[in-house]
Amino acid sequence: MMAKIVKGSDFKGVVDYILDKGKNAQFVAYKDLFMENRETIAMSFNAQSQMNGKVAKPVGHIALSFSKEDEPRLTNRVMAGIALEYMERMRIKNTQFFIARHFDKEHPHVHIAFNRIDNNGNTISDRHERLRSTRICKELTLKYGLHMANGKDNVKRNRLKEPDKTKYELYDILKAEVGRCGNWNVLVANLKRQGVEVHFSHRGQTNEIQGVVFTKNGYRFNGSKVDRRFSYSKIDNALQHNRCKERMGMTAKAHEAVIPSAPSGTAQSELFNGSLGLLNGSGSSYNAADAEANQEMAEILRRKKKCKRGMRL
């Protein structure tokens, strides 16, 4: 279950869009509206919005989308119940609204049109609405046992419109490039070849970088808005981790090239006993070559532990 929230100033526009004949819309719930036709619905909304003329965008419009896998169980009644609970948790109450189901796409979805000016003339708050909506959608998905989508990778790119289309193109590019680049210079160059410009934001008047902005097709996105994995700090950590893995691979290959093949049979037994002798202070003396080998191995292990602590993209 996902929600897309839009605010506007034209009730007639949102009513006409939701109830367009091509959408095959069906009402599943409504309240405090004259429902004779589109004109009376819009008139009802407009009359109440005049109770608070300070709000420039009194139109609330939310599309709730569900996975196609859930379609057999999503009757109009079930979808209405989920939508009403969503509204209650979002604190959209004591106001005019209608909920209509559309059948113009392969996945089930409903549209909620509501008045952001409630029945007492107060404004329904939109503070942190997208964060609250994301959390509530996840909670309702779990509560009703709905299909949990696997994130951006499963979004159908061919159905997206701008700016979402560019945003997902950027997501795909960053996912590939951040996973294989070892520093910012290489990453910026690779992105530029694919039509992506990179800009850094700084803290105050200092040189300290605190954010990154990507521009493609004329659209600008903060890294964290493309995906949480692509904030400046997380990309920087991922690049460091890539460098660490690359160094480890080079060190391991170099080490394998100089280590002789292990002895076997009696020679292996004698070598093992000789090693015990070194630890016990008897047998062969501890020479400079042994010390150098042990020191090299210790350094490799130290780097390996440091790499494992790095963040993984």
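Predicted model: local features only at pLDDT ≥ 70, side-chain atom pairs only at ≥ 80, totals over all residues.
Visitor: Which residues is L174 in contact with, once its neighbours within four places in sequence are left aside?

Guide: Those are G179, L191, F214, V226 and F230.

Visitor: Let's zoom out. How many helices and strands does the chain have?

Guide: There are 10 helices and eight strands. The chain has 313 residues, and 36% of them count as buried.

Visitor: What about contacts along the chain: what share join residues at least 24 apart?

Guide: Take the contacts between residues at least 6 apart in sequence: 66% of them join residues at least 24 apart.

Visitor: Now the inside. How many residues are in the largest nonpolar core?

Guide: That core has 26 residues, and M1, I62, L64, F66, Y86, I99 and I112 are the ones with the most contacts inside it. Two or more residues each come from β2 (26-31), β3 (59-65), α3 (76-89), β4 (97-102), β5 (109-115) and α4 (129-143). Helix α3 gives the largest share, six residues.

Visitor: M1 is on that list. Which residues is M1 in contact with, beyond its close neighbours in sequence?

Guide: Leaving aside neighbours within four places, M1 is in contact with L64, S65, F66, I82, Y86, C137, L140, T141, L146 and H147. There is also a second, separate core of 20 residues, which includes V196, V212, Y232 and I235.

Visitor: Last one: how do I read a helix pair? At what angle do the axes of α1 and α2 cross?

Guide: Look at the distance and the angle together. The axes of α1 (residues 11-18) and α2 (residues 38-49) come within 9 Å and cross at roughly 145°. The crossing is right-handed.

Visitor: Which residues make the contact of α1 with α2?

Guide: From α1 they are F11, K12, V15 and D16, and from α2 they are R38, I41, A42, F45, N46 and S49. Sorted by class, this contact has five nonpolar, two polar and three charged residues.

How values were computed. Residues numbered from 1 in each chain as written. Heavy atoms only, no water. Core = buried A, V, L, I, M, F, W, Y, C linked by side-chain atoms within 4.5 Å. Buried < 20%, exposed > 50% of the residue type's maximum accessible area, 1.4 Å probe, protein only. Helix = DSSP H or I, 4+ residues; strand = E, 2+ residues; numbered from the N terminus. Contact = heavy atoms within 4.5 Å. Axes fitted to C-alpha atoms, helices over the stretch in contact; angles between N-to-C directions. Left-handed = near helix turned anticlockwise from the far one by under 90°. Nonpolar A, V, L, I, M, F, W, Y, C, P; charged D, E, K, R; others polar.
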